[in-house]
Amino acid sequence: MPRGSYEASDKYLSMILKAEQKRYQIPRYQRNYSWKRSQYETLWNDVLDDRVKTSRGLFLGTILLNLPEKEGDRIEVIDGQQRLITLTILLSSIRDTLDGLGDQGAAMKVHTSYIADSEYAGEEEIPILITGRKLKKFFSNYIQQFPRTGDDFTLMTAQSEEEKNVEKCRKFFD
């Protein structure tokens with residue numbers, strides 16, 4: 001079991017992924033990404049339903065975080081990893097749709113606010129969420145890479161069941 005301090009509070013997704021400027025990691029002992037269409041479709045319908053409400057925001061369920069002992073270390077996602085991965089996939093679809101519509105500025109804002117950014121201009125991007133070891137390379141390429149064009153970019157092909165689940169989720173949101 002991980003050591004450190006735990007945090008439970010109500011927060012908006014933007015606070016988790018953007019405003020707090022923290023970085024997250026799915027620990028290796030967590031299960032693989034396993035969500036199927038019924039689960040991400042339910043999440044998507046909840047997002048759509050919430051758009052028309054005047055509530056303060058969509059409740060996504062509990063997200064349990066293990067805060068690091070040292071400043072600058074990544075925060076471990078103890079519970080809620082399936083939702084955070086799915087929401088990152090959704091945001092990547094929104095980013096790429098905006099890019100395809102010719103709004104590169106908005107696409108880059110979604111990317112740097114919620115998916116990956118760099119500390120300084122010209123530096124290598126740092127993903128906001130790092131998945132488990134087995135999914136990390138595929139997720140980085142298939143979801144977090146932007147732009148997804150150019151001579152130096154080749155979209156990876158899903159091999160494992162976990163990678164195929166990510167691919168299916170992304171195609172659903174596209």
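From the N terminus on, the elements follow the order β-α-β-α-β-β-α-α-β-β-β-α-α, which gives six helices and seven strands. Helices (H or I, at least four residues) and strands (E, at least two) are DSSP runs, numbered from the N terminus. This is a predicted model, in which local features need pLDDT of at least 70, side-chain atom pairs count only at pLDDT 80 or more, and totals for chains, interfaces and linings use all residues. Residues are numbered from 1 along each chain as its sequence is written, and side-chain values use heavy atoms, with hydrogens and water left out.

Of the 174 residues of the chain, 40% are buried. Buried means under 20% relative accessible area, exposed over 50%, and partly exposed in between (1.4 Å probe, protein chains only).

The chain holds five aromatic pairs. Rings of Phe, Tyr and Trp (its six-membered ring) pair if their centres lie within 6.5 Å; planes under 30 degrees apart count as stacked, over 60 as edge-to-face and the rest as tilted. The ring centres of Tyr40 and Phe172 are 5.2 Å apart and their planes stand at 50°, so this pair is tilted. Tyr40 belongs to helix H2 (residues 37-51) and Phe172 to helix H6 (residues 161-173), 132 residues apart. Both Tyr40 and Phe172 are buried.

The rings of Trp44 and Phe173 have centres 5.8 Å apart and planes at 75°, so they form an edge-to-face pair. Because Trp44 lies in helix H2 and Phe173 in helix H6, this pair ties together parts that are 129 residues apart in sequence. Trp44 is partly exposed, at a relative accessible area of 27%, while Phe173 is buried at 13%. Ring pairs link Tyr40, Trp44, Phe172 and Phe173 into a cluster.
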